[in-house]
Amino acid sequence: MSHVQTTNPATEQPLATYAAMTDADIDAAVDRAQRAYREWGSWTVGRRGAVISAAAQLLRQEIEELALLITQEMGKPLSESRAEITKCATGLDYYAENAAQLLADTVYETAADRSWVSYEPLGVVLAVMPWNFPMWQVFRFAGPALMAGNAAVLKHSPNTTGSALAAQRIIEAAGAPAGLLTALVVAEQDVPEVTARLIDDDRIAAVTLTGSERAGAAVGSCAGRSIKKSVLELGGSDPFIVLADADIDNAVQHAVKARFLNAGQSCISPKRFIVDHRVADDFIAGMQRGVSALTVGDPEDDTTEIGPMARRDLRDLVAGQVAETLRRGADLVVGGHAVADGTGWYYLPTLLAGVRPGSPAHEEEIFGPVAAVLTFDTDEEAIRIANGTRFGLAASVWSADVEKAAHLGRRVISGACFINAPVASDVRIPFGGAKRSGYGRELADAGIREFVNARTWCANAQPL
């Protein structure tokens, strides 16, 4: 029988071993999800909300145990893991409290006596989720999808299997029907075949994925062949545009925090810092001080700011991208290599300047603790650089003139644009990308209406 083993990236020691599900196990899990959906979908929104609120409370009660699990499975510092659990609970509370309003019928004026659209659940949704925010990514999807009346089958990353099972346990312990959120344990080599088979299964109504371009293309094409709704949240190489009149110290402070959160393993962290040449030296000097001051160490130590990367192969990929960027003429300011001594998949916080077109840091997403600085002479050049990537997840613009920043930001293709603030997901506003960063939206009203049947009604007291 196949197994899934999780490994602590800070110690390189095994954490747990899980028996991978057989085809029969997976089939039975989807059946349970179907039964749960039929029961759950018949409940009132208020009754569902009581369960989701209880789940939020359980997350808060178990914050220390769950945070430690996240840290040990994928390496982020404990303080960040605690913040992740808190965000999950806040998100669940939001949907428990607001779903009735967000799902309320929309009334239209037509020739009929009454015309409206109702928002009804689709059924069982397959969720393919990543390892970098192993709890938040699950509950960011599950909160709205479940409150809309759906059930979910979760295919999580194998290296965060413990987090997947913990999410399932939390929902069940809160009072949901058994199987409402079912975590599948799938061996790494079986993931493509199992995912495709699930999408093709008539019991699966829709699919959502957060992950890489490659995974998104595979899932999106499978969903297209099956003519099923899909939502894809993929990679990003977000521009952080600094105009000459920006508060440089403030921009630097936010740049360091945003780029190096979770050791840079975040799709919405800024990756390309596009800076007006007139202030570039000050910005780079500030970044150098900030990056050099980051504390790298044991993620279970509360003083640590940068833990290991989640897997060895991910660290090695980042190391190769940095080496190629340097070979193509960039300047190494800070870092630039893996931690040589000791155990763990650590990569030093890195700052690159003078990044050239054609290099990985200019063209690709570097999913690790690497900040790349590029400079521009004119606004037109800044826009060209910002848009010079296949991604379009988010962007931020920094300037003392908000209107000027917004005018420039409108010409950058992205799913979100923040002014004088780092990009962040907020349960109260929609989140999603453009171009090859995906399609569809999560969170807020748009998120809860992704996995519903928007059903049109027209009613007349007398036949027309």
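Q: In this predicted model, what makes residues of α3 count as buried, and which are they?
A: A residue is buried when its relative accessible area is under 20%. In α3, the buried residues are I63, L66, A67, I70, T71, E73 and M74.

Q: What covers the buried residues of α3?
A: The cover includes the strands β1 (3-7) and β2 (14-19), together with the helices α2 (45-61), α4 (78-102) and α6 (161-173).

Q: How do you know that the span of helix α3 agrees with its number of residues?
A: Helix α3 (residues 63-74) has 12 residues, and at 1.5 Å a residue these should span 16 Å. The end C-alpha atoms are 16 Å apart, so the two values agree.

Q: What follows α3, and what is its phi?
A: G75 follows α3, with a positive phi near 95 degrees.

Q: Why is H254 called partly exposed?
A: The relative accessible area of H254 is 25%. H254 sits in helix α9 (residues 248-260).

Q: Which residues does H254 touch, leaving out those up to four places away in sequence?
A: H254 touches W398 and P422.

Q: Which residues touch the most other members of the largest nonpolar core?
A: They are L59, M135, F139, I171 and I241, in a core of 116 residues. Helix α4 gives the most to this core, with 9 residues.

Q: What does F139 touch beyond four places in sequence?
A: The contacts of F139 are L59, C88, L92, P144, A167, I170 and I171.

Notes:
Residues numbered from 1 in each chain as written. Predicted model: local features only at pLDDT ≥ 70, side-chain atom pairs only at ≥ 80, totals over all residues. Heavy atoms only, no water. Helix = DSSP H or I, 4+ residues; strand = E, 2+ residues; numbered from the N terminus. Expected span 1.5 Å × (residues − 1). Buried < 20%, exposed > 50% of the residue type's maximum accessible area, 1.4 Å probe, protein only. Contact = heavy atoms within 4.5 Å. Core = buried A, V, L, I, M, F, W, Y, C linked by side-chain atoms within 4.5 Å.
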